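Student: Please take a close look at one part of this structure and describe it in detail. Which residues face one another there, and what packs around them?

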Amino acid sequence: MSIPSLTEALKTEAVRLGFDLVGACPAVPPPGIARFREWLAAGYAGEMSYLPKRAEAYADPTRVLDGARSILMLGLAYRTEEPLGAEAGQGRVSRYAWGADYHHVVRRKLRPLADLHRRLAPRAAVRGVVDTAPLLEREFGQMAGLGWIGKNTLLLNRRLGSWFFLAALLTTEVLEYDVPYTADLCGACRACLDACPTGALVAPRVLDARRCISYLTIELKGDVPQALRPGVGEWLFGCDACQEACPWNARAGSAGGEDFAPHPRNNPVGLAELFLLDEAAFRRRFRATPMWRAKRRGLLRNAAIVLGNRVHGPSLAGLMRGLNDSEPLVRSACAWAISQYPSPQAAAALQSRLDVEIDPHVRQTLDCAIKSAK
């Protein structure tokens, strides 16, 4: 099969399967690999140790697929409904995470695309990946003509903004390559930088993940630094602040499929009810969503921080319940949250109205939090 025919067949099938963007580029070292190494050296990856451990693999696509010569880059839109306003006692979820797990959705589309490739080129090796392999997807997306890397570090497309997932199909075949996207359509705009609540965008296209709300609420496994907790605001999981501020995203319409529509209980999420979930209940509710990545302890930590940022009297019972949680991380976050209420002593008095006994060690943590709030 000729190179143009194979490329056209794969692109046609990708569109039929529901991908919104498709372009091809060579499987070569990405042009931004030096910047990636500088970013790692600056410590901006925080506790995401898997990034420096695989740093060399990111420089060579053949580490993802032996003998790879081409990459078919794909984009799948996920913007559906608009977020509802989160009232006190509720937390917001980043749009990408309030529906089905995108890994599963994208893989369901990648598999038949890879199968077609194998039928058309039986001698070829092919591998589909989404967000898990050491591949600088945004760099290859720009090389494949899908868009440009914006100042918020996300790949931007004129039609979809940044509301799309990236996936890749690596092949040992040569494809007909698209023209790389070279224009920078961000211009002098700095809306995303100014919108970041925690100042994580330290410069255009430079993200200090250690300050990013998405990192703090998803990737960070321990306590969120107290200085950054107010900036977390109402975000329970992830953050869309830099995307919502982007003018290109304001122009983008809703294009995502039903898989990415928000679950009614995730747009927004009632926070106090989360403290009633044991591990089994948490699994049943979140196992098939991206929110599973934070695990129960992380999501309850986040819920406590949001309730500390936006005081809500009826949610104090949930925080008090969290004081006796089996996870120290949850107990600590709840103690801090209670200390943010106007009368933490009143919160402590709730013990007599709850069928919960507070562990002495947790009581000590709460007493310290109350003293610091005075």
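Tutor: Strands (E, at least two residues) and helices (H or I, at least four) are DSSP runs numbered from the N terminus, and two strands pair if DSSP finds at least two bridges between them. The model is a predicted one, in which local features need pLDDT of at least 70 and side-chain atom pairs count only at pLDDT 80 or more, while totals for chains, interfaces and linings use all residues. Residues are numbered from 1 along each chain as its sequence is written, and side-chain values use heavy atoms, with hydrogens and water left out.

Strand β2 (residues 70-77) is paired with β7 (residues 164-171) in the antiparallel sense, over eight bridges; further along, Gly75 has Leu166 of β7 as its bridge partner. On its other pairing, β2 is antiparallel to β1 over six bridges, with Gly23 standing opposite Met73 of β2. Strands of a sheet pair through backbone hydrogen bonds, either parallel or antiparallel.

These strands belong to an open sheet of four, in the order β1-β2-β7-β4, with antiparallel pairing. Its edges are β1 (21-26) and β4 (126-129), each of which pairs on one side only. On average, and with direction ignored, neighbouring strands of this sheet are turned by 20° against each other; axes here are lines fitted to C-alpha atoms, for helices over the stretch in contact, and angles run from 0 to 180 degrees between N-to-C directions. Helix α1 (residues 3-16) packs on the sheet and touches β1 and β2, its direction making about 150° with that of β1; contact means heavy atoms within 4.5 Å. Helix α5 (residues 102-120) lies across β2, β4 and β7, running at about 30° to β7.

In a regular strand the side chains alternate between the two faces of the sheet. Along β2, Ser70, Leu72, Leu74 and Leu76 point one way and Ile71, Met73, Gly75 and Ala77 the other. Eight of the eight residues of β2 are buried, where buried means under 20% relative accessible area, exposed over 50% and partly exposed in between, with a 1.4 Å probe and protein chains only.

If residues up to four places away in sequence are not counted, Cys25 touches Ser70, Ile71, Met73, Phe140, Met143, Ala144 and Tyr177.

A search of the whole structure finds 13 aromatic pairs; rings of Phe, Tyr and Trp (its six-membered ring) pair if their centres lie within 6.5 Å, with planes under 30 degrees apart counted as stacked, over 60 as edge-to-face and the rest as tilted. Tyr78 and Trp163 form an edge-to-face pair, with 5.9 Å centre to centre and 90° between the planes. Tyr78 lies in the loop between β2 and β3 (90-93) and Trp163 in the loop between β6 and β7, so this pair ties together parts that are 85 residues apart in sequence. Both are buried, Tyr78 because its relative accessible area is 5% and Trp163 because its value is 2%.

Tyr102 and Phe165, by contrast, form a stacked pair, at 4.3 Å centre to centre and with 10° between the planes. Since Tyr102 lies in helix α5 and Phe165 in strand β7, the pair ties together parts that are 63 residues apart in sequence. Tyr102 and Phe165 are buried too. Ring pairs link Tyr78, Tyr96, Tyr102, Trp163, Phe165, Phe237 and Phe260 into a cluster. Arg95 lies over the face of Trp163, 4.4 Å from the ring centre; a charge sits over a ring if NZ of Lys or CZ of Arg is within 6 Å of the ring centre and within 35 degrees of the ring normal.

Ser162 lies in the loop between β6 (155-156) and β7, and it is buried because its relative accessible area is 4%. Leaving aside residues up to four places away in sequence, Ser162 touches Tyr78, Leu154, Leu155, Leu156, Gln243 and Asn249; Tyr78, one of these contacts, is also the partner of Trp163 in the edge-to-face pair.
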